[in-house]
Amino acid sequence: MTTFEKVINQIIPEDCGNNFKVPYSLQEVGITQSLFGQWKTCRRKFLFSINRWTPRGIMKFEYHSMMHYLLEILYACKKGGDVATTTVLASLDPYKLNSAPREVEIQKAIAEVMISEYILYYGKDFKEKRFESVEGLFEILLENYILRGKKDGRFRDKIGGRWHIEHKNYGVIDTDYLLKHLSFDFQNMFYALADLVEFNKLLKGVLYNIIRKPKTGKVTSIVDMMKDLRKKIHKDPRHYFVRFEIPYNVREINQFKTDLLFQLRELEINLIRAQKQPKLALLYFYKNESACNAGYQCEFLNACSTGNFNGYCRRKDMFPELV
Ligand code: SF4
């Protein structure tokens, strides 16, 4: 039996972390939008993920997750101005990164500039928006499937309308593409549907909040780099801070629900077949070779190219994004 065939037997993991002590199923363990995205991207990748394989020694906290963490602290403290800046920047100090110390300092310095300028630029957030939850976990039942997730933020606007905020840190912002694609963005609609099921009321929309990751080139002095970056932001803040308000109506959400249920059933059939016929399971979870380097290199490229899991380990949690 090859290593990959053995993996199939672990479709039924003995202990999936997150307190799941049951075989993987959509009914007992459930699915997040990110795990579902893996199924849609590459079935083999999904298979590895539900078996909790992950590359060893991957950098855990890079710029994007650092910014995400800072935004969480910021909106949880529910105020802007100097107090927020001090609180948020203090949370950078114990931040541990697994990369070279200088690179850590550069990333921290960029994050410090970006978040403090963000607080100044979006001062109105703390006067006009009332945050009801930040990084709120949800677990809802859609027919007999469990959908799980963590919303970046949920707030009310000045007239009481309910919104989600979704934070993104992009190096490149393609406005034309986003304006079209966000009208049917999977993550936004997954969370909007979950909200509708949980609260029985439609969201007004999603505020898609993008902070551009600046290009810094070769850094000789971190202090000069920070000054230079601040100057660039002051000159053209709208280049770095971009927002889209995306409203979704009931018809769109209901159509999304129909599509999602159809796809969940398809996934469920595959899981049942694979669990009943482990010898054929790799066929049900076939590779999608066109997804290996679509935008970024898949973390399972080594596993797929060598046919073994050297350099990988099994993480504790089924859904690390919810921990
Ligand atoms: S390397 Fe390619 S085939 Fe293998 S899991 Fe990733 S996307 Fe799928």
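**Entry 1: the β3–β4 turn**

I began with the hairpin that β3 and β4 make, which has 2 residues between its strands. The model is a predicted one. In the turn I found glutamate 143 with a positive phi of about 50°. I then looked up the pairing itself: β3 covers residues 130-142, runs antiparallel to β4, and is joined to β4 by 11 bridges. One pair I noted there is leucine 137 opposite lysine 150 of β4.

I also checked glutamate 135, which is not a glycine and yet has a positive phi of about 55°. Glutamate 135 sits in strand β3. Is glutamate 135 buried, exposed or partly exposed? I counted 17 C-beta neighbours inside 10 Å, so glutamate 135 is partly exposed; a buried residue would need 20 or more.

**Entry 2: other partners of β4**

Next I followed β4 to its other partners. Strand β1, residues 31-32, pairs with β4, residues 145-156, in the parallel sense over 2 bridges. Threonine 32 is the residue I found opposite arginine 148 of β4.

β5, residues 162-170, runs antiparallel to β4, and 4 bridges join these two strands. Here arginine 154 has histidine 164 in β5 as its bridge partner. β4 and β5 also form a hairpin, with 5 residues between them. In that turn I noted glycine 160, whose phi is positive at about 90°.

From β5 I moved to β6. These two strands run parallel and are joined by 8 bridges. Glutamate 166 has tyrosine 208 in β6 as its bridge partner.

β6 pairs in turn with strand β7, residues 241-246, in the antiparallel sense and over 6 bridges. The pair I wrote down is valine 206 opposite isoleucine 246 of β7.

**Entry 3: helix α9 and what follows**

I turned to helix α9, which runs over residues 186-199 and has 14 residues. From its first C-alpha to its last, α9 reaches 20 Å, close to the 20 Å expected at 1.5 Å a residue. Which residues of α9 are buried? I listed Asn188, Met189, Phe190, Tyr191, Ala192, Leu193, Ala194 and Asp195.

After α9 comes asparagine 200, with a positive phi near 60°. Asparagine 200 is not a glycine, and its place is the loop between α9 and β6. I found 7 C-beta neighbours inside 10 Å for asparagine 200, so this residue counts as exposed.

**Entry 4: the nonpolar cores**

I looked up the largest nonpolar core next and found 33 residues in it. Phe46, Trp163, Ala192 and Val206 touch the most other members. The elements that give two or more residues to this core are α2 (33-41), α3, β4, β5, α9, β6 (205-212) and α12 (250-276). α9 gives the most, with 6 residues.

I then took tryptophan 163 by itself. What does tryptophan 163 touch, not counting residues up to four places away in sequence? My list is Phe155, Asp157, Leu203, Lys204, Gly205, Val206 and Leu207.

**Entry 5: around the ligand**

I listed the residues that surround the ligand: Cys42, Arg44, Lys45, Lys287, Asn288, Glu289, Ala291, Cys292, Cys298, Phe300, Leu301 and Cys304. Which elements give two or more residues to this shell? I found α3 (43-50) and α14 (301-306). By class, the residues of the shell divide into 7 nonpolar, 1 polar and 4 charged.

**Entry 6: the chain as a whole**

Last, I noted the totals. The secondary structure of the chain comes to 14 helices and 8 strands. The chain has 323 residues, of which 26% are buried. I also looked at contacts between residues at least 6 apart in sequence, and 74% of these join residues at least 24 apart.

How values were computed
Residues are numbered from 1 along each chain as its sequence is written. This is a predicted model: local features need pLDDT of at least 70, side-chain atom pairs count only at pLDDT 80 or more; totals for chains, interfaces and linings use all residues. A residue is near a molecule or strand if its C-beta atom, placed from the backbone, lies within 6 Å of it. Ala, Val, Leu, Ile, Met, Phe, Trp, Tyr, Cys and Pro count as nonpolar, Asp, Glu, Lys and Arg as charged, and the others, Gly among them, as polar. Two strands pair if DSSP finds at least two bridges between them. The expected span of a helix is 1.5 Å times one less than its number of residues. A residue is buried if 20 or more other C-beta atoms lie within 10 Å of its own, exposed if 12 or fewer, and partly exposed in between; C-beta atoms are placed from the backbone. A nonpolar core is a set of buried Ala, Val, Leu, Ile, Met, Phe, Trp, Tyr and Cys residues joined through C-beta atoms within 7 Å. Two residues are in contact if their C-beta atoms, placed from the backbone, lie within 7 Å.
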